[in-house]
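User: I'd like to go through a structure with you. Please keep it short and plain.

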Amino acid sequence: MNQIAKTVIFTILAILSASQAICVEEKPAQHHHKWLYAIRTGILAHDVPVWSRSSVEAGVDFNAEFIFGFPKFELVSGIVRANLGFSLNSRGDTSKVYSGLLWEYMWDAGPFLNLGLGLAVHDGKLDNSDDKKELGSRILFRIPVEIGLLFTRHQGVSIMFDHVSNAYLADPNEGLDTIGLRYIYRF
């Protein structure tokens, strides 16, 4: 098991363990912004070989994401909301803008889980590159997974992983994975 995977697993276990000792305010958050639910920002390791199994790009990604208060609907004990975000690479490798839907499940003590599906548009290479990912299509599918902990009604931290690829609808399809830490502010 590589060092990144060990660090991610350790951090997830630490967050879940700490959630038993940290009390989130008992009242549900009063959302003053009907159109904006949360903002998440962070730094992500770029081109980590988790799902894509290869790494050729470098640097870190500066990430920001807006989660909207509408549309929203309940699904399997969670809430589905729309999102819009971007990741800018520090070394001029592939950057992306993305949007989609996130399903969020909140536990009472503060931990939460997000799963999502959406689309991303990137500025990387499509094919014929030795030093960049060959992504095959300008528009890619995006699958994010995020686990985190709210320390108060409004603030928290999370670990986020996302994978973008063309789902073998174009050739080549190397895919691109990022993983990192994010700060969360909920309105």
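Analyst: One term before we start: pLDDT is the predictor's confidence in each residue, on a scale from 0 to 100. This is a predicted model, so local features need pLDDT of at least 70 and side-chain atom pairs count only at pLDDT 80 or more, while totals for chains, interfaces and linings use all residues. Residues are numbered from 1 along each chain as its sequence is written, and side-chain values use heavy atoms, with hydrogens and water left out.

User: What does the chain average for pLDDT?

Analyst: The average is 87, and 82% of the residues score at least 70.

User: Where does pLDDT stay under 50?

Analyst: Over residues 16-29. The model has 22 contacts there beyond four places in sequence. Contact means heavy atoms within 4.5 Å. Where pLDDT is low, the predicted coordinates should not be read in detail.

User: OK. How many helices and strands are in the chain?

Analyst: One helix and eight strands. Their order along the sequence is α-β-β-β-β-β-β-β-β. Helices are DSSP runs of H or I with at least four residues, strands are runs of E with at least two, and both are numbered from the N terminus.

User: How much of the chain is buried?

Analyst: Buried residues make up 45% of the 187 residues. Buried means under 20% relative accessible area, exposed means over 50%, and partly exposed is in between, using a 1.4 Å probe and protein chains only.

User: Which strand is largely enclosed by the rest of the structure?

Analyst: Look at β7, residues 155-165. Nine of its 11 residues are buried, so β7 is largely enclosed by the rest of the structure.

User: Which strands join up with β7?

Analyst: β6 (residues 139-150) pairs with β7 in the antiparallel sense over 10 bridges. β8 (residues 176-186) also runs antiparallel to β7, joined by 10 bridges. Two strands pair if DSSP finds at least two bridges between them.

User: New topic. Is Lys96 buried or exposed?

Analyst: Lys96 counts as buried because its relative accessibility is 4%. Lys96 sits in strand β4. Beyond four places in sequence, its contacts include Asp61, Phe86, His122, Asp162 and Thr178.

User: And Phe68, where is that?

Analyst: Phe68 is in strand β2. Not counting residues up to four places away, Phe68 touches Trp35, Leu36, Tyr37, Arg81, Ala82, Asn83 and Leu84.

User: How many cavities of 30 Å³ or more turn up?

Analyst: One, in a search of the whole structure. About 40 Å³ of space lies in this largest cavity. On a 1 Å grid over the protein atoms alone, a cavity is a set of points where a 1.4 Å probe fits but cannot get out, and lining residues have an atom within 4 Å of a point. Points are joined across faces, edges and corners, and the volume is the space filled by probe spheres set on them.

User: Which strand gives the largest share of its lining?

Analyst: β3, with three residues. β1 (36-46), β3 (78-89) and β4 (96-106) each supply at least two. Among the lining residues are Tyr37, Val80, Arg81 and Glu104. The lining divides into five nonpolar, one polar and three charged. Here Ala, Val, Leu, Ile, Met, Phe, Trp, Tyr, Cys and Pro count as nonpolar, Asp, Glu, Lys and Arg as charged, and the others, Gly among them, as polar.

User: Which residues are joined by a cis peptide bond?

Analyst: Phe70 and Pro71 are, with omega about -15 degrees. Pro71 lies in β2. Asp171 and Pro172 are too, with omega about 5 degrees. Pro172 is in the loop between β7 and β8. Most residues other than glycine have a negative phi, and most peptide bonds are trans.

User: Which residues other than glycine have a positive phi?

Analyst: Val76 has phi near 50 degrees, and Asn128 has phi near 55 degrees. Val76 is in the loop between β2 and β3, and Asn128 in the loop between β5 (111-122) and β6. Val76 counts as exposed at 66% relative accessibility, and Asn128 counts as exposed at 73%.

Notes:
1 Å grid on protein atoms, 1.4 Å probe; cavity = no way out; pocket = protein on both sides within 12 Å on 5 of 7 lines; lining within 4 Å.
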